[in-house]
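Have the coordinates open as you read.

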Amino acid sequence: MFEEFLFLWKNMKPRDLQNLLLILCIALSCVSGAAPVIHVSGYEGRDVNVSCPYGEGYESYEKYLCRNDCSNSDVLIMTTQANKNKYSISDDKNKRVLTTTISDLSSVDAGKYWCGVTRSGKDYYPAEVRLDVVPDSCCDQFTEVHSHEEGSVSIPCPYDSKYQKNLKYICRGRQPSICLQQAVVTSNRKLNGKFTLTGDEESGKFTVNITSLTQKDSGWFLCGVERNNGLDVFSAVKLEVKEWCCVKSKSLSGTVGDPLTMQCPYPSQHRTNRKFLCKGDRRNNCEIQVTSQNSGRTRNRFTLQDDASSSSFSVKITELKAGDAGTYWCGSDSQWSIGDYTKIHLSVVFPTRTIIPITSQTATVKSQSTQITDKPIKVTSLLHPVVFIVPTVLLLILILALVLLCKYKCYKVKGAGVNVNQNVIKQADVEEVIGEDIYANEEVMVCSKVSTSKQQSNYRHYDDTEDQQDSVYQNYTTTEDIYCNEFLSKGNKR
């Protein structure tokens with residue numbers, strides 16, 4: 001047979017030989033192109049869809065996704081399972097597309113896959129899939145952009161000229177997988193608050209402008225260009241929004257009614273510039289209080305004095321008021337260039353008050369609060385006469401009551417029915433002495449209490465007269481010592 005083949009080969013015309021070679025090449029090309037290669041990319045930790053179209057007539061066949069050589073152990077999931085581990089599969093028989101979703105991608109998932117169709121004999125593989133897994137972070141190279149609070153910034157976003165007609169966008173952060181979903185502005189929606197997107201197709205870049213910057217705007221941004229196949233194209237930008245820096249920032253405190261001086265340093269190159277002090281929470285809308293154009297002269301209560309030798313000026317407030325509290329800005333450049341001003345936070349307190357006790361004539365009352373000082377208030381004393389009148393009347397009433405009580409007790413003893421002259425004389429003497437001492441000294445006295453025993457029996461024998469006299473004296477002279485005036489003198493009884 002081999003000899004016959006050589007004979008035919010030698011006797012074949014050149015034109016026939018070319019036709020045979022062409023047929024062989026076409027046949028080989030069809031065999032090698034039977035399984036087209038599909039490139040798929042996904043981000044770590046995210047999902048990816050692998051879609052494989054297949055030929056007509058295989059709609060009802062079982063299909064699957066496999067790796068490597070597609071042996072039984074390499075089959076990952078089949079259409080009869082729907083879900084298995086991190087894989088899920090669906091078959092769109094109308095479009096004849098087999099789609100497999102791989103979840104929670106990792107670097108080990110990268111590699112070669114096959115979409116297969118089960119049939120008798122050798123299976124049919126409509127497509128080869130090559131999966132790339134990349135980190136969900138961008139990018140190794142980035143552009144740095146700087147600006148300041150309250151200002152604006154332009155972020156340049158270059159791209160390849162072949163993507164001129166593609167969708168452009170920008171988002172915060174560094175995650176490409178969710179950038180389009182979280183885009184702050186796109187080429188289809190060019191204005192969104194303080195973000196504006198402008199395109200320049202000729203230069204191969206688009207620009208995003210951000211106004212009214214705050215420090216919260218600092219951070220990462222991704223400029224993205226959407227692609228029809230594969231992952232979008234990104235470039236990274238790092239934005240830094242700095243606080244408006246100043247020569248110095250400080251806090252001062254003053255007291256209502258007192259003077260206060262603010263010191264304002266400035267750059268040495270601004271010695272000939274116009275100096276000013278303004279008040280307001282923000283420097284770009286503060287109210288001018290005084291300027292160097294009226295240096296040495298007082299505008300209201302403010303006086304500005306420039307000292308070029310020390311590269312500073314001072315502002316004196318002659319008499320602080322509560323309304324002077326707030327934020328002040330010392331400036332030496334009308335353009336408000338960074339580092340050309342001083343920021344001062346001024347707080348104002350009220351003077352402390354003290355309390356002065358009330359006197360008999362006037363009382364100066366001062367509040368202990370930190371409010372405005374009250375003027376002294378004169379209070380006429382109405383208590384002075386009462387202080388002396390009330391105690392005197394009470395004393396006289398008390399003395400009169402005690403005298404009456406004392407007389408009552410003394411006369412009660414006198415009328416006890418005893419007819420002994422000696423005792424009567426003694427009792428009269430006591431009353432006289434007590435009466436004299438009470439009226440002479442106007443002191444409180446208590447008369448003697450006399451304890452009188454019952455009379456001795458009248459039936460005693462007259463022979464006992466002397467003893468009876470002694471008994472009477474003994475019974476009627478038993479007395480209790482009473483509190484009397486310490487200055488009572490028995491020599492003055494008579």
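**Cysteine pairs and burial**

Cys-330 has a relative accessibility of 2% and counts as buried, where buried means under 20% relative accessible area, exposed over 50%, and partly exposed in between, using a 1.4 Å probe and protein chains only. Its partner is Cys-264, and the two form a disulfide with sulfur atoms 2.0 Å apart; a disulfide here is a pair of cysteine sulfur atoms within 2.5 Å. The pair links distant parts of the chain, with Cys-264 in strand S20 (residues 260-265) and Cys-330 in strand S26 (residues 326-331), 66 residues apart. Strands are DSSP runs (E, at least two residues), numbered from the N terminus. Cys-264 is buried too, at a relative accessible area of 0%.

This is a predicted model, so local features need pLDDT of at least 70 and side-chain atom pairs count only at pLDDT 80 or more, while totals for chains, interfaces and linings use all residues. Residues are numbered from 1 along each chain as its sequence is written, and side-chain values use heavy atoms, leaving out hydrogens and water.

Next, look at Cys-157 and Cys-223, joined by a disulfide with an S to S distance of 1.9 Å. The torsion about their S-S bond is about -40°, so this disulfide is left-handed. Because Cys-157 lies in strand S11 (residues 153-158) and Cys-223 in strand S17 (residues 219-225), the pair ties together parts 66 residues apart in sequence. Both cysteines, Cys-157 and Cys-223, are buried.

Finally, Cys-138 and Cys-139 form a disulfide with their sulfur atoms 1.3 Å apart. Cys-138 is buried at 8% relative accessible area, and Cys-139 counts as buried at 18%. Across the whole structure, a search finds seven disulfides.

How values were computed: Helices (H or I, at least four residues) and strands (E, at least two) are DSSP runs, numbered from the N terminus.
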